[in-house]
Amino acid sequence: MKTIIQIACLFLLAGTWRPILAFHQPTEPALETGQQTTGYQPGDLVVNFALKDLNGKPISLKDFSGAKGLIIIFSNMHCPFSRSYENRMIALQHKFGSMGFPVLAINPSNPNVHQDDALGKIKERAISKGFNFTYGIDSDQKVTEAFGPTRIPTAFVLQRNGDHFEVKYRGLIDDNPQDAGAVTRPYVEEAVSNLLDHKPVITPTTLAEGCRLRF
């Protein structure tokens with residue numbers, strides 16, 4: 001009888017401590033449902049789209065038909081991750097725009113939900129920061145849904161392939177949103193440099209981080 005009680009106590013202890021041990025065991029972060037599994041992926045051809053710039057002028061993918069490629073970054077004004085990358089977006093345009101890979105920022109946020117993304121606010125910040133890249137407003141989010149980003153910011157590097165643009169990279173701009181001086185992997189720069197050197201993109205996808213994008 002004593003042996004049976006001892007065995008039962010061992011089972012009870014095992015049941016008590018197992019979840020505690022499991023709780024403290026480090027695990028890899030789980031991917032959110034559908035994160036970076038929808039929309040354009042490397043190798044896909046992008047369908048022409050229509051946006052409006054900050055002055056209400058139409059923007060089309062065809063407007064960039066003379067470029068070698070395009071750096072598209074889904075961004076907005078209210079997300080601190082996006083704001084931390086604004087200077088780096090300016091730097092990307094300065095470095096690669098003249099080489100045939102201009103930057104196009106696309107804002108998919110609803111200004112009725114986020115006041116910082118009202119057109120007037122965007123214009124004020126664009127002027128104060130000295131944006132040197134094209135800034136598009138995706139008011140109905142159709143373009144954003146086609147690309148399928150789930151986090152802000154998310155970058156896409158496209159390369160012109162005949163009359164079409166092909167996705168060559170999707171994901172992070174670089175590996176350090178908090179500190180530009182501590183970046184060790186400038187993923188977008190690497191991708192564009194690979195393409196300019198007529199080489200395959202070394203890292204075609206990374207998992208974007210930032211503010212959750214809701215439709």
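**Close-up views of the predicted model**

**Figure 1. Overall make-up of the chain.** Of the contacts in the protein chain with a separation of 6 or more, 74% are between residues 24 or more positions apart (contact: heavy atoms within 4.5 Å). This is a predicted model, in which local features need pLDDT of at least 70 and side-chain atom pairs pLDDT 80 or more, while totals for chains, interfaces and linings use all residues. Residues are numbered from 1 along each chain as its sequence is written, and side-chain values use heavy atoms, without hydrogens or water. The protein chain has six helices and ten strands (DSSP runs of H or I, at least four residues, and of E, at least two, numbered from the N terminus). Of its 215 residues, 42% are buried (buried: under 20% relative accessible area; exposed: over 50%; partly exposed: in between; 1.4 Å probe, protein chains only). The accessible surface of the chain comes to about 12200 Å² (Shrake-Rupley method, 1.4 Å probe). Carbon and sulfur atoms hold 56% of that surface.

Figure 2. Helix α3 spans residues 86-96. Its buried residues are Glu86, Arg88, Met89, Ile90, Leu92, Gln93 and Phe96. Residues three or four places apart in an α-helix point the same way, because there are 3.6 residues a turn.

**Figure 3. Salt bridge between Arg88 and Asp174.** The whole structure contains five salt bridges (side-chain nitrogen of Lys or Arg within 4 Å of a carboxyl oxygen of Asp or Glu). One of them joins Arg88 to Asp174, with 3.0 Å between the closest N and O atoms. Arg88 and Asp174 are both buried.

Figure 4. Glu189 and Lys95 meet through their side chains in a salt bridge with an N to O distance of 3.0 Å. This pair also links distant parts of the chain, Glu189 lying in helix α6 and Lys95 in helix α3, 94 residues apart. Glu189 counts as partly exposed because its relative accessibility is 29%. Lys95 has a relative accessible area of 38%, so Lys95 is partly exposed as well.

**Figure 5. Salt bridge between Glu166 and Lys168.** The closest N and O atoms of Glu166 and Lys168 are 3.3 Å apart, forming a salt bridge. Glu166 is buried because its relative accessible area is 15%. Lys168, with 23%, is partly exposed.

Figure 6. Ile152 and Pro153 are joined by a cis peptide bond, with omega about 0°. Pro153 sits in the loop between β7 (151-152) and β8 (154-161). Ser82 is part of helix α2 and counts as buried because its relative accessibility is 0%. The C-alpha atoms of Ser82 and Pro153 lie 5.6 Å apart in space, although 71 residues separate the two in sequence. Apart from neighbours within four places in sequence, the contacts of Ser82 are Ser75, Asn76, Ile152 and Pro153.

Figure 7. The structure has one cavity of 30 Å³ or more (on a 1 Å grid over the protein atoms alone, a set of points where a 1.4 Å probe fits but cannot get out; lining residues have an atom within 4 Å of a point). The largest cavity holds about 60 Å³ of space (points joined across faces, edges and corners; volume filled by probe spheres set on them). Its lining consists of Phe81, Tyr85, Pro153, Leu172, Ile173, Pro177, Glu209 and Gly210. By class, six of these residues are nonpolar, one is polar and one is charged (nonpolar: Ala, Val, Leu, Ile, Met, Phe, Trp, Tyr, Cys and Pro; charged: Asp, Glu, Lys and Arg; polar: the others, Gly among them). Pro153 of this lining also takes part in the cis peptide bond with Ile152.

Figure 8. Gln141 is not a glycine, yet its phi is positive, at about 65°. Gln141 is in the loop between β6 (134-137) and α5 (142-147) and counts as buried because its relative accessibility is 13%. His198, also not a glycine, has a positive phi of about 60°. The loop that holds His198 lies between α6 and β10 (211-212). His198 is exposed, since its relative accessible area is 74%.

Technical notes
On a 1 Å grid over the protein atoms alone, a cavity is a set of points where a 1.4 Å probe fits but cannot get out, and a pocket is an open set with protein on both sides within 12 Å along at least five of seven lines; lining residues have an atom within 4 Å of a point.
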